[in-house]
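Hi everyone, thanks for coming.

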Amino acid sequence: MTRWRTIAVALLALLGAIYLYYTEIKPVVIFGLRSDYAHAIPFQKIPEGLTSLKAESCGQCHREIYEEWKSSIHARAYDDPYFQAYWNKDKRIWVCLNCHTPLENQQPTIIKQIPRGRVEKAVQEPNPHYDPEYQKESVTCAACHVRDGIIYGPFEDSAAPHPTKFDPNFRTTQVCYRCHNVVAGPAQFYRVGPCGTYAEYEGKFFMQERGFICQSCHMPEIDRPVATNSPIRRGRQHLWRGGHDPDMVKRAVAVQVRTDTMSPRPGDRVSFTLTLVNAGAGHKIPTGDPDRFFTVEFMVIDADGRVLEEQKSTMGRWIMWQPAILELYDNRLLPLASREYQFAYRVPDEAKDLKVRTRVQYHIVTDKQHEMLTQKYGLTGNDPYRFLVYERSFPLSGELATALSKENGDPLSAANSHQREESSCKVQAEG
């Protein structure tokens, strides 16, 4: 009986420890709370001279900026199919809205208290100012520009029909910090937070030597009237292209392929080396959501299109999600860093019209994750979740030298010819 009593007590203690771990230690979401995003941006009133906080109202005078914003992932941060599916998976927990619909005006409840930092135990009350239509504007104009009835911006000499004030943060990376530097919480052992693009930013070459900030690539400079009938001045486009935009992903990456045998013959063992370079991003690639990754593939293909041999490598983050979050491995590329991927193949004695295809792809989620999100959590739409970054085929014959010579005329041969153009900014972003 004593032995059974001991076992029972031990089991009860274990169950109690598990209960306490999941209810008091381990967060219910994959990030921790930080004071600036633990609550929504406080309720904002309509500045004098405006009729509404809605983006369309701003667009009456700032038409070009409005049209750019409307095309951006910021404008779709709430109704983005991936956000909605992942949010369903997280039981639509309120805290996610603090970045995806950041204004209190856009949220159905007001968070009064977060006992012990447990988001699931938050004390909420109905928000009398909630506007469900405004919520659909996601990261809207006022989220960045309106505080206490004043329009804040990057210019010190604005003359407008509404109150304005200069905010130096618009000329720094600080304006991106709140939502692009989500941190880890208890029992979450990330190397960098789950969406830690801000923390990854390279501060020597891009920041110090080139003078780049986040906006340099994600909000390119443009000379134009900021508002209707206003003078031309240098401002920024409100585009925020990033990790959901194929062109931005391609512009971050440079690829070079070389071989040790320029004129392979039947029986030769040919080795290929593909060098992948983070040539244009001021942060790691991939960045943002930890599910994102690159694949590098080699395939030997015959004249009928059959794959005779293939090899695939992955670049990303490997994370154990239960019972604690533990980042096991991170082989992403730092800014300006490169990595070599090698593949060897013995050309058969009877070989004819064989080619080696090299391919680099960028993935937002895996096929299994996409299937899970679709079947269990309501992922809708046909948004692509895999982008082709680079693809070339090289003949395993005497023509190989010519093919490689054409491919590698530029030391960093990129996926498309536009990548060879001189550019002040090539980046892949979190979007």
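Let's start with Cys195, which counts as partly exposed because its relative accessibility is 21%. Here, buried means under 20% relative accessible area, exposed means over 50%, and partly exposed is in between, with a 1.4 Å probe and protein chains only.

Before I go on: this is a predicted model, where local features need pLDDT of at least 70, side-chain atom pairs count only at pLDDT 80 or more, and totals for chains, interfaces and linings use all residues. Residues are numbered from 1 along each chain as its sequence is written, and side-chain values use heavy atoms, with hydrogens and water left out.

Okay, cysteines. A disulfide is a covalent bond between the sulfur atoms of two cysteines. For us, that's a pair of cysteine sulfur atoms within 2.5 Å. How many disulfides does the structure hold? It holds 0. Cys195 is in none, and the nearest cysteine sulfur, in Cys99, sits 8.8 Å away. What about Cys176? Its closest cysteine sulfur belongs to Cys214, but at 4.1 Å that's too far for a bond.

Now, Asn105. You'll find Asn105 in the loop between helix 5 (97-100) and strand 1 (109-113); helices (H or I, at least four residues) and strands (E, at least two) are DSSP runs, numbered from the N terminus.

On to the cores. In soluble globular proteins, nonpolar side chains tend to be buried together. We call a nonpolar core a set of buried Ala, Val, Leu, Ile, Met, Phe, Trp, Tyr and Cys residues joined through side-chain atoms within 4.5 Å. The largest one has 40 residues, and Phe272, Leu274, Leu276, Phe294, Val360 and Leu396 touch the most other members. Apart from that core lies another, of 17 residues, with Trp87 and Trp94 among them.

Last, zoom out. The protein has 431 residues, and 47% of them count as buried. Count up the elements and you get 14 helices and 17 strands. Along the principal axes, the C-alpha atoms fill a box of roughly 90 × 80 × 40 Å.
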